[in-house]
Amino acid sequence: MRQQSRSSPDPSGRGSSDGTPVQLWDCSADRNRQQMTAGSTVVNPRTGKCLDVSGSTANDTRTHLRSCNRTAAQQWRCHTNGTATNTQSGTCLDAGGSDSAALLQIRDCWATSNQVWSRK
C-alpha cells in the first residue's frame with residue numbers, strides 16, 4: 001500500500017523489532033522495506049511483522065510493527081474509497097501529515113488525503 005502523496009509506510013530507522021514505529025517516507029529503491037501487503041492484516045514482507053495499534057483505540061494512537069498474532073489490533077479492512085479501517089477501533093489508518101517521517105496513526109475516518117491509500 002502507498003499513500004496518495006507517493007510516499008510509503010516505512011519502519012522507522014529501518015527497524016524490524018516489535019514496537020518499531022511505522023512512518024511515512026518518500027518512495028525509494030528499497031521497495032521491500034516500504035512494501036506493506038494489505039489483506040485482513042497489513043504485513044511488511046521484509047520483516048514479516050504486522051501493522052499493529054495495540055494499547056489504545058483513541059485517535060492519534062501510533063502504529064508499530066508487531067509479530068503477527070491475529071488480534072483485533074492487527075486486523076484491517078480495506079475499502080473501495082482507499083481507506084483502511086482497524087476493526088478493533090473502527091478508525092482509519094492516517095498518515096498524520098504528508099512529510100517524510102510523519103508517524104502513521106489511527107483517526108476518525110474522513111477519507112481525507114492523509115487517509116487514502118493505494119495498492120501499488
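Visitor: Why is Cys50 called buried?

Guide: Keep in mind that this is a predicted model. Cys50 has a relative accessible area of 1%, and buried means under 20%, so Cys50 counts as buried.

Visitor: What makes Cys50 and Cys68 a disulfide?

Guide: Their sulfur atoms are 2.0 Å apart. The cut-off is a pair of cysteine sulfur atoms within 2.5 Å, so the pair qualifies. The link of Cys50 and Cys68 is right-handed, with 100° about the S-S bond. Cys50 sits in strand β6 and Cys68 in the loop between β8 (64-67) and β9 (76-78), so the bond ties together parts that are 18 residues apart in sequence.

Visitor: Why is Cys68 called partly exposed?

Guide: Its relative accessibility is 41%. Partly exposed is what falls between the under 20% of buried and the over 50% of exposed, so Cys68 belongs there.

Visitor: How many disulfides does the structure hold?

Guide: There are 2 disulfides. The link of Cys92 and Cys109 is right-handed, with 110° about the S-S bond. Cys92 lies in strand β11 (residues 92-94) and Cys109 in the loop between β12 and β13 (117-118), so parts 17 residues apart in sequence are tied together. Number the bonded cysteines in sequence order and the pairing reads 1-2, 3-4.

Visitor: Is Cys92 buried or exposed, and how do you know?

Guide: Cys92 is buried, because its relative accessible area is 0% and buried means under 20%. Cys109 has 35% relative accessibility and counts as partly exposed.

Visitor: What does Thr85 touch?

Guide: Leaving out residues up to four places away in sequence, Thr85 has contacts that include Cys92 and Cys109, and also Gln75, Trp76, Arg77 and His79. Thr85 is in strand β10 (residues 84-86). With a relative accessible area of 14%, under the 20% limit, Thr85 is therefore buried.

Visitor: On to charged pairs. What makes Lys49 and Asp18 a salt bridge?

Guide: The closest N and O atoms are 2.8 Å apart. The test asks for a Lys or Arg side-chain nitrogen within 4 Å of an Asp or Glu carboxyl oxygen, so this pair passes. The pair links distant parts of the chain: Lys49 is in strand β6 (residues 49-52), Asp18 is in the loop between β2 (7-11) and β3 (22-26), and they are 31 residues apart.

Visitor: Is Lys49 buried or exposed?

Guide: Lys49 is buried, because its relative accessible area of 15% is under 20%. Asp18, with a relative accessible area of 35%, is partly exposed.

Visitor: How do you know that Asp60 and Arg107 meet in a salt bridge?

Guide: Their side chains are 2.5 Å apart, N to O. That is within 4 Å, so the pair is a salt bridge. Asp60 lies in the loop between β6 and β7 (61-62) and Arg107 in strand β12 (residues 105-107), so parts 47 residues apart in sequence are tied together. Asp60, with a relative accessible area of 42%, is partly exposed, and Arg107 counts as partly exposed at 28% relative accessibility.

Visitor: How many salt bridges does the structure hold?

Guide: The structure holds 2 salt bridges.

Definitions and conventions. Residues are numbered from 1 along each chain as its sequence is written. This is a predicted model: local features need pLDDT of at least 70, side-chain atom pairs count only at pLDDT 80 or more; totals for chains, interfaces and linings use all residues. Side-chain values use heavy atoms; hydrogens and water are left out. Helices (H or I, at least four residues) and strands (E, at least two) are DSSP runs, numbered from the N terminus. Buried means under 20% relative accessible area, exposed over 50%, partly exposed in between (1.4 Å probe, protein chains only). Contact means heavy atoms within 4.5 Å.
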